[in-house]
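Please load the model before reading on.

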Amino acid sequence: MTNPLLLTDFYKTIHHMCYAEGLTKLVSYWTPRMSRKENIDKVVMFGLQPFIKKYLIEYFNENFFKKDKEEIISEYKRIISITMGDIAADASHIEELHDLEYLPIEIKAVAEGERVNIKTPMIEITNTDDRFPWLVNYLETLMSCHIWQPMTSASIAYRYREIIDKYFDLTVENGEPKKACGDFSMRGFSSLESAEASAAGHLLSFTGTATIPAIIYLEEYYDCNIEKDEVAFGTPSTEHSVMCSYGRDEYLAYKRLINEVFPSGVISIVSDTYDYWNLIISILPKLKEDILKREGKVVIRGDSGDPVKIICGDDTVDKNSPEYKGTVELLWDIFGGTINSKGYKVLDSHIGTIYGDSITVERCEEICKRLMAKGFAVSNCVFGIGSYTYQYNTRDTFGFALKATHAVINGKEKFIFKDPKTDTGNFKKSQKGMCYVYRNGDDILYKDQLTIEEQSKCKDNLLTTVFKDGILIKNYKLDEIRKRLHDNF
């Protein structure tokens, strides 16, 4: 395994030589500096705990502190001297850290599951030993590449949940919003580690997922257990290879699947392999009695086309065509259902629909609006959210950065900050000095330009110690994070 002191950017390796003489303490803050997502002005704090457990504790202990010092230093010097020269390959500071046998770092953070306003610091990191101020920002690269993704996905998932909650309140009776959206994104991610962290972020707002590793991730890092806790659920589903294996005999395929393979429970069947509309208006009526006598739900899954039109109908086409009505209305015509106390139609419990391709936040809301306008409860459709939503993001989606704001040099405190004149958007400007993060109604805001002593007097500071000197101080559980994020989870 790689020496963790090499899991960084090249330029970090020489900063211990470059800082001002007499520097004994450095304080930095992790902050979402902007939002590139419409209607998202807060970011969910999530994903720091796995990074601490996996890397700052387990990885550093096994691959640095417990390794032979000569082996560690030899490998470090080999890489740095060949790539940047002998001057850059000074390793005395790394030898000193190895001798210490723990990371002299303290991390304070807002509680996981809190929604923090854009521009408010979420994490504070500093050194606890005067010899290691260089270590604070040295860890930035490794930390950043592991925590921006779960925070970003958790924040986007929360936006979906806001939409679902809104329309469930308007149209659904006794519904479960947490089951309305499933995560289908794993295959679109660049790595397994990214996929499981992102999918875990989704599971803060919903319980549906196709990403099995997210469950193991949450069990390992957030102290839950699927044998006791409601962590996540999958749905038995077919794919096109299954449907194609029957040739074009979709009647036979459906009849076998719902009567023999899964005679009870939920079964989701991809239905656009050949002719989606023909399947609904010609084949499903022939299977009506099989479906209605079955103990469970058959879910019709569209997988191509404009999801809004597929689910809700297309009013630009012939009114006598199935495309005009859309999936939900066609299923109502075939299977019927009930009208709930809020006056909206609910499909018979034996039939439903899901759409799992090209769903975006905007399309999710449009489908909800149009279903409501047609008199249908939005619970008639489940949404599958894919990699376009969760992978099509970067660290800059919310402008995440770790920036130094406070230092102690030759025994004196100094406010340090960046404020580039060329930053016309004014989003790269950092805080100054120590920060105090506080709750103000539904917002989490901050005050900066404090001394260390002034910050210590802020007893309601939301930045609390979660890691110190190689030890996890605070351990968050999935259940408490969900409850903090959603009162009605």
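Phe 398 is buried, with a relative accessible area of 0% (buried means under 20%, exposed over 50%, partly exposed in between, using a 1.4 Å probe and protein chains only). The model is predicted: local features need pLDDT of at least 70, side-chain atom pairs count only at pLDDT 80 or more, and totals for chains, interfaces and linings use all residues. Residues are numbered from 1 along each chain as its sequence is written, and side-chain values use heavy atoms, leaving out hydrogens and water.

**Aromatic rings**
- The structure holds 15 aromatic pairs (rings of Phe, Tyr and Trp, the latter by its six-membered ring, with centres within 6.5 Å; planes under 30 degrees apart are stacked, over 60 edge-to-face, the rest tilted).
- Phe 398 and Phe 400 pair edge-to-face, at 6.3 Å centre to centre and 65 degrees between the planes.
- Phe 400 is also buried, at a relative accessible area of 0%.
- Trp 30 joins Phe 398 and Phe 400 in a cluster linked by ring pairs.
- Phe 60 and Phe 65 form a tilted pair, 6.3 Å centre to centre with 35 degrees between the planes, and both are buried.

**Helix H19**
- Helix H19 spans residues 478-485, with Leu 478, Ile 481, Arg 482 and Leu 485 buried (helices are DSSP runs of H or I, at least four residues; strands are runs of E, at least two; both are numbered from the N terminus).
- Seen down the axis of H19, the buried residues fall within an arc of 95 degrees, so they line one face of the helix (the arc is taken from the directions from the helix axis to the C-beta atoms).

**Residues 5-70**
- Over residues 5-70 the chain is 36% helix and 20% strand, and the end C-alpha atoms are 14 Å apart.
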